[in-house]
Amino acid sequence: MSNRLTVTGAGRIGLPLAVLAAKSGYEVVAVDRDPDLVAAIGAAAVTGQEPEVAELLDEAVASGRLTASTEPTAAPLQVICVPSPLTADGHADLAALEEAAESVGSVLRDGDLVVVETTVPVGTTEGLVRTALAKASGLAPESIRVAYSPERLLPGQTIAELISNARVVGAMTDADGAEAEAFYRSFVQGEVITTDTATAEFVKLSENAYRDINIAIANSLLLVARASGVDVHEARRIANLHPRVELLAPGPGVGGHCLTSDPIFLLDGTEGPDGELIASARSINDRMPAVVAQEIDTLTTRRPSTVLILGTAYKAGVGDERESPSLALGVELEALGHRVLLHDTVVPRGDDLASMVRDADVLALLVAHDAYAGLHDQLGQASDGLIVYDATGTLDAADWTAAARFGALGRPQIAP
Ligand SMILES: NC(=O)c1ccc[n+]([C@@H]2O[C@H](COP(=O)([O-])OP(=O)(O)OC[C@H]3O[C@@H](n4cnc5c(N)ncnc54)[C@H](O)[C@@H]3O)[C@@H](O)[C@H]2O)c1
């Protein structure tokens, strides 16, 4: 097996993969269309990556095993990690993937193996990718070798999860599967399972649809519980004592790139009621920022009020705002006539917390970042007289008796 590899798309997924492959002994070229990123990789000075990635990047560049380029680079193993966002009308936008496949195709030689890591609708690897590779390379379509291997990892623990998670590899033949598997086994300690490309694509999308549906169950129970005045957090705690029940925590919505788009990718090509559960889960979770906005609006005593949203990341502990429910909440509140201030300790966003609190009428905790733990003690009397709203289920109403009003998503409203 040759030990040369090109990774096309050196972002949150591609660069960690490239540095791990370099550490395992591969000679890696990271190809990206962003010249600033390419220069930063070459200088081992990339910003915005996790500390473990930065450390491995230092090692990889110093060892000479990792270089970077804006140009497609021939290698027997080509991995594609470019983004696959949603189009404005809610479909998979595969333009970057097609462009990357054409670029890889322009340097593809007979026998090279192309592994796609980009999240895609089922059938894309053997369809769009293989077609683009054949067209750009001029090679016979039947000789193009493609495989698919998705990433499933927790932001903040990228390197640890790349190494320890189980990995699925989908390929068209046993030989291609074995070759891709051998590459991943060079750094993966978890199980590596080989299957066909469509199953591997389906597995990735199913995992995130599963998460989205389970969060939607929690949010659905929250919405129903409101009508009966039940505290859904307490109900969940008790229900989870059942040995076969494991309700997730409800919240202000679902964000991040993967959970908001993968269920939609999964429904690609599905007609009628077959995808109903998956589609409804999406719409329940998408509705939550509007639900929170209504609750905050109900708590306010004047319009416009200035609402300070604490936490703009899509979930606790991450610095990523993509598809964040907090930003959607900001839009909803503005549509209701309120002013919105944004603060986040991890992204980071906003100014000094105490001075922002002084400008606010309402304090709305949306994300339970560690830095917001003990919020009441941090703010002291600065929060007295404010309206306080908790969308995270982590604030204790007893701490906020000096607030003008206190409300919490999923708990019966406390009267002023
Ligand atoms: N980030 C995650 O936690 C995560 C987890 C699982 C799966 N994924 C999937 O991995 C894929 C990549 O995501 P990401 O988070 O790394 O994206 P990203 O935006 O962080 O990085 C993508 C990189 O690709 C480059 N690029 C785009 N088009 C290109 C082209 N045609 N040629 C060369 N470079 C190109 C961009 O400049 C960018 O540097 C997506 O499909 C995503 O859904 C991401």
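Predicted model: local features only at pLDDT ≥ 70, side-chain atom pairs only at ≥ 80, totals over all residues.
Residue numbers start from 1 along each chain as its sequence is written.

**View 1. The shell around the ligand.** The ligand has 28 residues around it, and G9, G11, R12, I13 and T119 come nearest. Two elements give two or more residues each: α4 (95-105) and α10 (257-267). The largest share, four residues, is from α4. Helices here are DSSP runs (H or I, at least four residues), numbered from the N terminus.

**View 2. The largest nonpolar core.** A nonpolar core joins buried Ala, Val, Leu, Ile, Met, Phe, Trp, Tyr and Cys residues through C-beta atoms within 7 Å. Buried means that 20 or more other C-beta atoms lie within 10 Å of the residue's own, with C-beta atoms placed from the backbone. The largest core holds 76 residues. Helix α1 (residues 14-23) gives the most to this core, seven residues.

**View 3. Around A18.** Neighbours within four places in sequence are left aside; A18 is then in contact with V7, A10, V28, A30 and L66. Contact means C-beta atoms, placed from the backbone, within 7 Å.

**View 4. The two domains.** An automatic or database assignment sets the domain bounds. It gives domain 1 (4-195) and domain 2 (210-416). Their C-alpha centres lie 35 Å apart. Nine residues of domain 1 are in contact with nine residues of domain 2.

Technical notes
Buried ≥ 20, exposed ≤ 12 C-beta atoms within 10 Å, placed from the backbone. Contact = placed C-beta atoms within 7 Å. Near = placed C-beta within 6 Å.
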